[in-house]
Amino acid sequence: MKYLTNLKLKVWRQDGPNAVGNFETHIVESVSDEASFLEMLDQLNERLIGENKDAVVFDHDCREGICGTCSLMINGRAHGPQRATTTCQLHMRTFSSGDEIVIEPWRAAAFPIIKDLMVDRASFDRIVESGGFITAPTGGAPDANLIPVPKPVADAAMDSAACIGCGACVAACPNGAANLFTGAKIAHLNVLPQGQAERYKRAEAMVNSMDDQFGSCTNHGECSAACPKEISLDVIALMNADFRKSKSKNRKALSRG
Amino acid sequence: MGALLNAKIPNGVLHEKWDNYKADAKLVNPNNKRKFKVIVVGTGLAGASAAATLAELGYQVDAFTFHDSPRRAHSIAAQGGINAAKNYQGDGDSINRLFIDTIKGGDFRSRESNVHRLAQVSVDIIDQMVAQGVPFAREYGGMLDNRSFGGAQVSRTFYARGQTGQQLLLGAYQQLSRQIGLGGVRLFNRTELVDVVVVDGRCSGIVVRDLLTGEITSHAAHAVVMATGGYGNVFYLSTNAMNCNVTAAWRAHRRGAMFANPCYTQIHPTCIPQSDESQSKLTLMSESLRNDGRIWVPKKADDARPADQIPENERDYYLERLYPSYGNLAPRDISSRAAKRLVDKGHGVGPLKNGVNLDCSAAIERLGRDVVQERYGNLFQMYERIAGEDPYSTPMRIYPATHYTMGGLWVDYELATTIPGLYAAGEANFSDHGANRLGASALMQGLADGYFVLPYTISNELAPMLNKAIPSTDHPAFVQAETEARDRFNSYLNVKGTRSPDWFHRELGKIIWDYCGMERTQQGLEKALSELPALYGEFKKDLRVTGTDESVNQTLEKAGRVDDFFQLGMLMCRDALDREESCGAHFRSEHQTGEGEALRDDKNFCHVSAYDWTGDPMAAELNKEALDFETAHLATRSYK
């Protein structure tokens, strides 16, 4: 175990959604390289409480990279410098003594800041509520092995379903678009046999909800590069294809009454 | 000595009880369901599945979570899988075998009727989740794949890579989201329960705190479901998420819901060992790794050589040696204690000598790196991130850590607590796992309770209440509970001492881990029971919470949770002291066989201990529920 010394943190502080924010500078004199990034912030907060100051507010929970609660732009990169890693899994061994580390909240119009580093991501939930599900009320399901799902199909669905809904894709996108998030959910459900009945209805409803709340995609690909679960840009292509088809299919379905 | 509890177990032979119950249960007409309001607290597997299903049926549902989104609930972190008695592998599984395995795994301290119902509905869960689009692992022919977990000799565990909990929770979350979109469920996110309101002996609603504004409000309902998870964070370091807490269950307990078997806390054998003092949590490595990993320590104590320089004949594959028929898949409590003993004797590995090796090299050689990567890739990656070592080339280091709590709110067969109208589901209740839970059974129980049990039992409760008025939120009981909650949160702000809530939590955790952890003794527990009230007294005098009650204040939230953990910790130690036997995860050193295995005392302790709040957790009143084993015969567990 080694210690990093003399880290200069520039942390975004903002009292509330409508308050003016600013960077606050804190020196971390010593921290173990085995500590996670959030444990380093815990130590900073302990010190602030000791000095009778308000602790820095940030979202976090599982600290094992699966719940999607943690966020943070670290030196301008969503979840920090390490590829395929959430902030909670980022460890101080990635940094060096004397580093300056700039810590900001996700910045996107659809994720308003609540306080300090905490943002509101309910816009993601609204996309899922609009159609990110298979309608299968409890109790009526047939035997699970009745519909064989080819292994490559199940694997592809799982690749997309691995999304943790953290919002890094939106934060990394210059347009604040949510196409990777929305595409991942559509690609998960639309490739499975169980998802076919609502395939086009789902694509249209989810894309509409996304467009209402988020910016537009211009294929930068920053989202996929920032994604801690390495969701592929392909999901956006699949979403676009299904959305395009939905425009004719859903109209035909309507005309049949 | 308190009352003897009646679990209201239906009549009939074991495998007909649930059918008999459903045939007799009262129903609410579809058009009348909308006249009833049900509150569901917690949106993990149990809460989300219950809220979604109740809304599908037509009840008005209000769902509460302290997270920003229901999808964050800690069920999401479950890795390995979910059990179900499908017998798709044709390897001898059946509902009865899953029932027996669960009873035996729980060391004969669970209720037969509940466990059998769980095994029965396990098959429906898999059907339901597949219909919702959960991408379970498949064979090339398209059929579902299975693997094996500790405490079983069949392959009955369904899985989605190492993210089964995530995929199941997202399934239930999507089901819940559909109902939110349709208006069947109103969601209150970032809202924490701070009290339960009881009027004339019946649960009438809850009091909650808006975590963004600090505002305290009341919500009335015909029935309330607690699906608020377990209390493993009382140990400070555990595999639980940082925000998991006992507050909701504890506040219900303080209003009259009995708390059962608090001392049954499970230590999981395969977690990444602590690396330094500042560590905030421990991370689990799925038990599924024990399918392909072999656990060993150097035969020589204090052997500091790297793993690859220790020849085969100088390694002790102790689980294979001690428990040949189950080997590396021995149940969790047994595997954990074996690891602790060897580390205590100086055989530990790693810089702090606080772990044992979990070695997948034989599997990598046999199956190839690609197959191992496909099965466990995300776990290996997670290990690499945390430990900074490549598990494909060196064995992982693991050590037991607190993981799951079998104890919880006492519930009867209908999952009703001792407060009428208040239910508990999932890890928050105590019912199905006895003194030790088998791997891949928590997901099963959460979904069983939410999807397939509560919707029936709640309608049985609500039917007679049709068109009867319930107390509204301006009832004096609500007003008083709100005032008490405001006073409580103000009091944390007003202590103005010198120590943060986290400092007290860490100190509390040390006491609980040292004296009420993997091995417990009378002397140690008595020591804990003298130290805890002193530390709690200091908490009340020397706490420091900065900030205000008018916007997000995570320090204040933490203070409330630590307060409740203190009270629970005292009850836990008291229960562990009272239970003069070893069973499952509860290991009292005074009660062991010559070979160091748990020694039960069925004559005196074949019961559930359920505690009633008296105002002081040290003086809680003990009530008992006798456990009858009519089908599974009481026997000493053997995994040799």
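Residues are numbered from 1 along each chain as its sequence is written, while chains are lettered from A and ligands numbered from 1 in the order in which they are written. Because the model is predicted, local features need pLDDT of at least 70 and side-chain atom pairs count only at pLDDT 80 or more, whereas totals for chains, interfaces and linings use all residues.

**The core.** Let's start with the largest nonpolar core, which has 289 residues. Such a core is a set of buried Ala, Val, Leu, Ile, Met, Phe, Trp, Tyr and Cys residues joined through C-beta atoms within 7 Å. A:Val170, B:Val225, B:Met226 and B:Leu409 have the most contacts inside it. Helix α15 of chain B gives the most to this core, with twelve residues.

**A loop residue.** B:Leu543 lies in the loop between α14 and α15 of chain B. B:Phe504 is 39 residues away in sequence, yet the two C-alpha atoms are 8.2 Å apart.

**The sheet.** In chain B, three strands form an open antiparallel sheet in the order β6-β7-β8. Strands pair if DSSP finds at least two bridges between them; β7 and β8 of chain B have five.

Here are the elements of chain B in this part:

| Element | Residues |
|---|---|
| β6(B) | 191-199 |
| β7(B) | 202-210 |
| β8(B) | 216-220 |
| α12(B) | 476-495 |

Definitions and conventions: Buried ≥ 20, exposed ≤ 12 C-beta atoms within 10 Å, placed from the backbone. Helix = DSSP H or I, 4+ residues; strand = E, 2+ residues; numbered from the N terminus. Contact = placed C-beta atoms within 7 Å. Axes fitted to C-alpha atoms, helices over the stretch in contact; angles between N-to-C directions.
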